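Here's a quick tour to read with the structure open beside you. Grab a viewer and follow along topic by topic.

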Amino acid sequence: MVKKLILINPVGQRSGLLLSRFSVFQPLSLAYLAAVTPPNWEVKIIDENFDTFSFEQADLVGITSFTTNINRAYEIAGQYRERGTKVVLGGIHASMVPDEAMQFADAILIGEAENVWAEIISDYENNRLARKYIGPPVDFENSRIIPRRDLLHPGYFWESIQTSRGCPFNCSFCSVSRYMGKKYRQRKVEAVLEDIESIKGKHVFFLDDNLVGYSAENKQRAKDIFRGMYERNLQKKFWMQTSINMADDEELVELAAQAGCMFVFVGFESISTEQLRQMHKGVNLKNGVDNYRRVVDTFHKYGIAVLGSFVIGNDNESQDYYEELGDFLIRAGVDIVQITLLTALPGTDLMETMVKEKRLIFDNYPHDWAKYRFSHMVHQPQGVDEETVYIGSNYIKNRIYSFPYYQYRMMRSFCALKNFKSFLMAYRANQAYKKGWLNSHYHKRYPVKFLPPVK
């Protein structure tokens, strides 16, 4: 008898980047889960990025979640459990706070799912579902699992692919190394190229935390992927996440451009050396803040736009710093800007420090997880009050999105890139980020008080 499995991607609050089709991303983990589900099960994915959840009968339900949407996950889980349907909760939040998650599910899955999912299904079928399962790291190098993209919603602009897992770094605000491990595990080049060929759409997002990796061998693998995409004429337009040291290898950048790279996400994080130390951002410290503009110029040389990520809300920030950062973002030529507020997520060194120092403002869990969205100050920074951080965020965004700075930035990108398709992607990304800011909770609540510096 065929049983039915429903996999759910919950969305707690449709705000920020979730407001634009250009900046929402496929729940690829659910497609991987579907791929390793036994064939005697019917599988359906419900994705609240597009469709609001309504109860649908199932034999078993699996829900993934980040901290930002965990309360919605708990809510949906409750609806099924009230009707006697077993629920398995997984994802990074459940993995970092399993004792909490266990209160809202029949079973929780800690870590990666592929190697333990068959056991969970078997245990359910034999009425012996355990309360906790720990998924060991997948041997990604030899994995041939192709995610069930056919079950994902067709409305996404970007189709996702993952070629590596794990991170050897330990940035204070990031929990990836604890969730995926510090060992950098990579799929073989041929398997990656075959996966890309299977993607029907033209626009691809490499969701690896760092596609280029951390060693000379990693870089060579990235080059082989890009070279293979070009030689096979796959004609994909893509973006990826990488570190600033990618710009040190111009051959790598050129190959990425030839393969179809439109823009790269680079974690600059701060223009303050002291703040980079606080974040444990070693690769940025090694390359130096003074080299940020060279990094941007190198990508521009090959027609690749730069999505620069910056984090504010660190200790001892000031009005002068926000004004300096706003000026830098305009003059350095960063094409797309992501400004987030420093957020102490569970499983991070930052969270441990904030708990130890009793600096958390919102700690009534799970209710207060709704504030952990990178747009609320959830801890008290030293040497600066919350209101100043909110005003600083508004100041920077007002500066980069208002006349004449916005128009200047876009014209500068157009001239620097000399690649209309890359420019168009950068423009659409800017519109998505601008829309998210205009709809943010602090946009009107904290008016800009700083005056733009006179240059």
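A residue counts as buried when its relative accessible area is under 20%, and as exposed when that figure is over 50%. Keep in mind that this is a predicted model.

**Around proline 381**
- You'll find proline 381 in the loop between α14 (349-356) and α15 (386-401).
- Setting aside residues up to four places away in sequence, proline 381 touches Gly313, Asn314, Asp315, Arg359 and Val389.
- Glutamine 26 sits 355 residues from proline 381 along the chain, and the C-alpha atoms of the two are separated by 34 Å.

**The nonpolar cores**
- The largest nonpolar core is made of 82 residues.
- The residues with the most contacts inside that core are Phe226, Met229, Met240, Phe263, Phe299, Leu325 and Leu329.
- Take Leu325 as one of them: leaving out residues up to four places away in sequence, it touches Ile271, Phe310, Ile312, Ile339 and Ile396.
- There's also a second, separate core of 35 residues, and Tyr80, Ala94, Cys171 and Met354 are among its members.

**The six-stranded sheet**
- Six strands make up an open sheet with parallel pairing, and their order is β2-β1-β3-β4-β5-β6.
- At the edges are β2 (41-47) and β6 (132-135), each of which pairs on one side only.
- On average, neighbouring strands in this sheet are turned by 20° against each other, ignoring direction.
- Strand β5 (residues 107-111) runs parallel to β6 and is joined to it by four bridges.
- To find your way between those two strands, look for leucine 109, whose bridge partner in β6 is tyrosine 133.
- Helix α1 (residues 28-35) lies across β1 (3-9), β2 and β3 (60-64), and it runs at about 165° to β1.

**A helix pair**
- Helix α13 (residues 319-331) packs against helix α16 (residues 405-417) at an angle of about 40°, and the axes are 9 Å apart.
- On the α13 side, the residues are Leu329, Ile330 and Arg331; they meet Tyr405, Tyr408, Arg409 and Arg412 in α16.
- Sorted by class, this contact of α13 with α16 has four nonpolar and three charged residues, with no polar ones.

**Aromatic pairs**
- Across the whole structure, a search turns up 33 aromatic pairs.
- Tyrosine 74 and phenylalanine 104 count as stacked, because their ring centres are 3.9 Å apart and their planes are at 10°.
- This pair links distant parts of the chain, 30 residues apart: tyrosine 74 is in helix α2 (residues 70-82), while phenylalanine 104 is in the loop between α4 (98-101) and β5.
- Tryptophan 158 and phenylalanine 263 make an edge-to-face pair, because their planes are at 80°, with the ring centres 6.0 Å apart.
- Tryptophan 158 lies in the loop between β6 and β7 (159-161) and phenylalanine 263 in strand β12 (residues 261-269), so this pair ties together parts 105 residues apart in sequence.
- Tryptophan 158 is buried, with 0% relative accessible area, and phenylalanine 263 counts as buried too, at 2%.
- Ring pairs also link Phe22, Phe25, Phe157, Trp158, Phe205, Trp239 and Phe263 into a cluster.

How values were computed:
Residues are numbered from 1 along each chain as its sequence is written. This is a predicted model: local features need pLDDT of at least 70, side-chain atom pairs count only at pLDDT 80 or more; totals for chains, interfaces and linings use all residues. Side-chain values use heavy atoms; hydrogens and water are left out. A nonpolar core is a set of buried Ala, Val, Leu, Ile, Met, Phe, Trp, Tyr and Cys residues joined through side-chain atoms within 4.5 Å. Buried means under 20% relative accessible area, exposed over 50%, partly exposed in between (1.4 Å probe, protein chains only). Contact means heavy atoms within 4.5 Å. Two strands pair if DSSP finds at least two bridges between them. Axes are lines fitted to C-alpha atoms, for helices over the stretch in contact, and angles run from 0 to 180 degrees between N-to-C directions. Ala, Val, Leu, Ile, Met, Phe, Trp, Tyr, Cys and Pro count as nonpolar, Asp, Glu, Lys and Arg as charged, and the others, Gly among them, as polar. Rings of Phe, Tyr and Trp (its six-membered ring) pair if their centres lie within 6.5 Å; planes under 30 degrees apart count as stacked, over 60 as edge-to-face and the rest as tilted.
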